[in-house]
Each structure stands twice: as structure tokens, then as C-alpha cells.
Protein chains: 2
Amino acid sequence: VSPAPSEDEWIEAIAGRFERAPGALLGIGHDTEALRVGEEGTCIVSTDVLVDGRHFDLAACGGRAAGRKALAVNLSDLAAAASRPLGFLVGAVLPRPADRALFEALADGMAETARRYGCPCLGGDTNAGDGPLVLAITVVGAPGPMGVVSRKGARPGDVLSVTGPLGGSRRGRHLDPVPRIAEALALAEARLPHAMMDLSDGLSRDLPRLCAMSGVGARIDAALVPVHEDVGAEERLAHALHDGEDYELLVAHAPLAPGAAPPVPLWPVGRVTAAADGIVLATGEGEAPIEPRGWDHLAD
Amino acid sequence: VSPAPSEDEWIEAIAGRFERAPGALLGIGHDTEALRVGEEGTCIVSTDVLVDGRHFDLAACGGRAAGRKALAVNLSDLAAAASRPLGFLVGAVLPRPADRALFEALADGMAETARRYGCPCLGGDTNAGDGPLVLAITVVGAPGPMGVVSRKGARPGDVLSVTGPLGGSRRGRHLDPVPRIAEALALAEARLPHAMMDLSDGLSRDLPRLCAMSGVGARIDAALVPVHEDVGAEERLAHALHDGEDYELLVAHAPLAPGAAPPVPLWPVGRVTAAADGIVLATGEGEAPIEPRGWDHLAD
């Protein structure tokens, strides 16, 4: 067994082996891909896979919550692209023997999220296997009012903001993520985002991805990072930076005019800098590089 | 544990819980969905999930063959819709601890199929889990020369043809399926298919699905069914009807003019009849209903 790759290494390995699709506007490494379809159309696509024991504990939460979460985290990727949901496909592997009550609960949960965010089921494929429940969902969307928004486009001097407090999601909130679709569309309507992503793996792991795609650095101000009320008394900032599964949006945008209110609540957390300045956390004690200690889906 | 549902019951359970997406042209129960995107565009989407121990034996075949097969069977669904590949997304669950050599072999295999059929990678998501390797692929395509071809549209009197001999794929051929994309596009160029699907689960299980979607019956002539050379001496017809994983196309089309040659080799196997006539196999001993004994991905 050769050493486990990180998720970012997997992405590189994939990207290096494939030519860019002729109609693909972004390339691998964003939350979504945008694909030209015909003369006029663009569709936005993204896949996220959830596994029992990693993203939820099926025995504890039940099929309905698992189904809800699986679709919601996929919708969060469409939010990152400020796009509108059109529908989703689901590939499921049920633990053998496949249980009717489980699949009905999963379908109920997905249907609940589907109705809430207007994202109907387009089809799918189901199997049974000798392992945990796997839900692989692909969402399809259409570009929102700014067209295709991605991790690329942040500029030095931009403000970095998040759409909500971070950390502590594993106390239970991670099971009911709120994909920030309405917020993303409102931000796009206001032409605010230069670059955007959703925070699924923790700010410390996700921010470097946005910086890499934009070719910039970042300076996060520790005092500004909003810590979620779910975080306990200990190491509050570390939880906010590293816990992951927040599903808030990270937005790079021009500074707001003095006194101007953003269209949705935004918490500024820092600034975009030049790439050479690195990705740093500023505290009362000075600046230090941010270590990506967030969630890695391939780590043990 | 409640009784295991069949794959068709799962599809019904899903379809009953979701409204049809506003831009969806087909509805659940076809090989693909066709989705209107913008004013002019239509994208074709489909998901197929493959699991180690069910669709391939990773220890025996290796990652490269698994990667090749996973993409190829998905492309077969695009062929069923006579559509052109635009790209694919991959959701993978690697057995823990995630092994770099395995993921590189998987990527190599997918890249090989991707190049052969012109279907680049658009993105994906990778996880590790306490179970077998899972590869969930979603393909995105564009309509071919006939627009959206589906399981719907077969008419009584149509000829039912297949694009190649059936049966015996588990002798090894199932690992290297040939998605009939070029054949499907040639058939569509000739305006031949009224309805089409790919034979993944065996003619006996797949034909009733096409009949259900078209609202027709079918009469298969046992003497006409082409049996693959991989099938041994015993129960040759049963293997051709039930083995599955042929990935040939089943095409309902108007009878060819006398002496006319189809644009690609076609083996006529029977006729479309009225729904009331059922789905029957005609042999020298008379007619009998065809029992769907093919591959069910949820059965034990």
C-alpha cells in the first residue's frame, strides 16, 4: 500500500491525466464545472459523495437525515457558483441486503431537501454492496445573474467575507447544512463576488484552494473570524478554522462603500493579498502561516 | 430489515416522491435525462455506480480495468440516448487506507476510456471508506442528430434489433464494454431509432423497461437472438437473454425497405406488439412470457 494521497493530490492526479473538455469553462479544481451546451446554454455540474461513518452515522441519524444532508451539501456547491439548481442525479450503494425502509427514508430525505431548494430528481442508479451506505449525488444548475462564479477572480485588496459563523458543526449542525443558494444569488444580483467557494473542509483547508485558483495570498484577521455558538469554550478559533462542514460561503469582493450594507449578512474575516505574501493568520502576536488542518476526505 | 426492493421498485419509489423538473424532457425511468438549459441548450445526463465485488473484482482486474469499465458503462447510457459525450464527473470511495497506486491506476483507466470516446473529466469528489471501492460516474452529453432518443417511442409493428451478439460477458468481456456511441450516432443520422436503450441488465430485464416506457408489448423470436461466442454449449439462449452486461443497443425501428442495409450491423430479434399482447418469447414450441431473470443490482 503506497501512502494515502491527500484530496488535493487526487485532484492534481486527475487534472494531469485529462485534457480540458472543449466546452468546459473552469477546469478541474473548482466547486463546480460550467459546460457550454449548444449555442446558448451553459450548465453547471458538481458531484459530492457521502459515506456512512464519514459524513453521517446512519445508525444514529437515520436514512432521512442522511438523504437530506447528501443533497444539501451538493446544493452548497451550486451556491458556491452562484447558480440556480435545475435537478440532481443520485447514485446509491445500499448495504446488503438492501432494505426497503432505508431506501424509502433516503428518498424522503432527498425529497425534503429537493422541495426546499427547488432541485428535483432527474434520475439515478442504485446498487447493493458489502460496505457502508454511499450516496453519490450530482447536481445540475444554470448560471445565476453574474454568470459563472468560481474560485478564480479574487484580487489583492479584496475583502474576504463569510456568510455565517464557523466551527462546531459536528455537534449536530453538520447533518442539516443550509446551502446558501438564496444568499449566493443575492450576492450575484448585487454583482459583489469576484470569487467564491463553499466552506466544506474548513477555512484553513479551503481558503488555500481559492487562493491557488485566483493566484493570490490572504491575510485572515483572527479577531474577525465569527465563531459559531456550537463551539465550546476551548480553542474556539481553532474550531472555527479547522472543523469543516460549515457550508457557509467564502466570498472575495471589493470593499463595500462606507455605510453600504451588503444584500445578505457578511462577516469580513480578512483581505486578499499578493500570492508572494502567502496565506497567513494575523493575531495580536503577529502573523503566522495558516496550516491546513481541516477535513481531508482521504485521510485516515 | 424489510424485504429488498428490486431496482425497478427503487425507481418507482424515487419517481413518486419528486416532481418532474421543469426543464426535464423525459422523466425518471430512462437511461438518461434530457434537461433544457437556457433558451437553446439541452444537456443529457446519466449516473451509473459500480462497486467492487459486484461489477468487477478489483483484486483480480486491477484499478485500471475498473476505471475503464466505470466510464465505459456510463458512456453506454449516452449511446442509448444517441447523444454525444461532453464530459464526466467521478465520485469515488476508496477502501481505507486510500492507496495512491490504486487511485493512479483508476485515473489511468478512466483517462484511457475518456480519450477513446472523447469524454474528458469535468471534476469529481473522492473519499475513503470502510468498504469496497465505489465509482459513481455521471456523464454529460449533447443531443445527437435526432435530438433526444429514449426508451419511449416504440410502435407496434416496429422491428426490435440489437447491435451485437448477447450473453457470456462474465467470461471477461464485461470488463471491457464497448459503448456503442458511434453506432448510435450513425443510427440517429439515418433517422432509424423510434426508441432505444442499452442492454446492461440482460434482454429479459431490460426489454420490459423499454416496453413499459413505450406502452407496447414485444415478441422475441428465439431463433433470431444472436448468441455471443463467449457463451458455452449449455443453455445458450438463456445466457443470451439473462446474462446482462452486454452493453449492446436494443433499437425499435421501422422495418427496413427490402434490400436496404442499416448504417451499422443490426440483428433483428423480434417485433414490437400491442401492450395487451405482453412480452413473449416465440420458440418452435409456441409462445411464453419472458421472465425477467437478468441482473438486478439490488438482489442478493
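Leaving aside neighbours within four places in sequence, A:Glu248 is in contact (heavy atoms within 4.5 Å) with A:Thr163, A:Gly164, A:Pro165, A:Leu166, A:Arg180, A:Met197, A:Asp198 and A:Leu199. The model is predicted: local features need pLDDT of at least 70 and side-chain atom pairs count only at pLDDT 80 or more, whereas totals for chains, interfaces and linings use all residues. Residues are numbered from 1 along each chain as its sequence is written, chains are lettered from A in the order in which they are written, and side-chain values use heavy atoms, with hydrogens and water left out.

A:Glu248 lies in the loop between α6 (236-242) and β9 (249-253) of chain A; helices (H or I, at least four residues) and strands (E, at least two) are DSSP runs, numbered from the N terminus. The relative accessible area of A:Glu248 is 6%, and the residue is therefore buried (under 20% relative accessible area, with a 1.4 Å probe and protein chains only). The side chains of A:Glu248 and A:Arg180 are joined by a polar contact of 2.9 Å. A polar contact is a pair of N or O atoms within 3.5 Å; within protein, one must be able to donate a hydrogen and the other to accept it, and residues adjacent in sequence count only if both atoms are side-chain atoms.

Between the two chains, 76 residues of chain A are in contact with 76 residues of chain B. The buried area (accessible area, 1.4 Å probe, that two parts lose on being put together, summed over both) is about 6,400 Å², and carbon and sulfur atoms give 68% of it. In chain A, the residues that lose the most area to chain B are A:Trp10, A:Arg17 and A:Phe18, together 11% of what that side buries. The interface holds 2 salt bridges (a side-chain nitrogen of Lys or Arg within 4 Å of a carboxyl oxygen of Asp or Glu). A:Arg17 forms a salt bridge with B:Asp108, their closest N and O atoms being 2.6 Å apart. Polar contacts between chain A and chain B number 11 residue pairs, both residues at pLDDT 80 or more. On the side of chain A that touches chain B, α3(A) gives the largest share, 10 residues.

In chain B, helix α5 comprises the 12 residues 203-214. Of the 12 residues of α5(B), 9 are buried, among them B:Leu203, B:Arg205 and B:Cys211. B:Gly215, with a positive phi near 65°, follows α5(B).

How values were computed
Expected span 1.5 Å × (residues − 1). Buried < 20%, exposed > 50% of the residue type's maximum accessible area, 1.4 Å probe, protein only.
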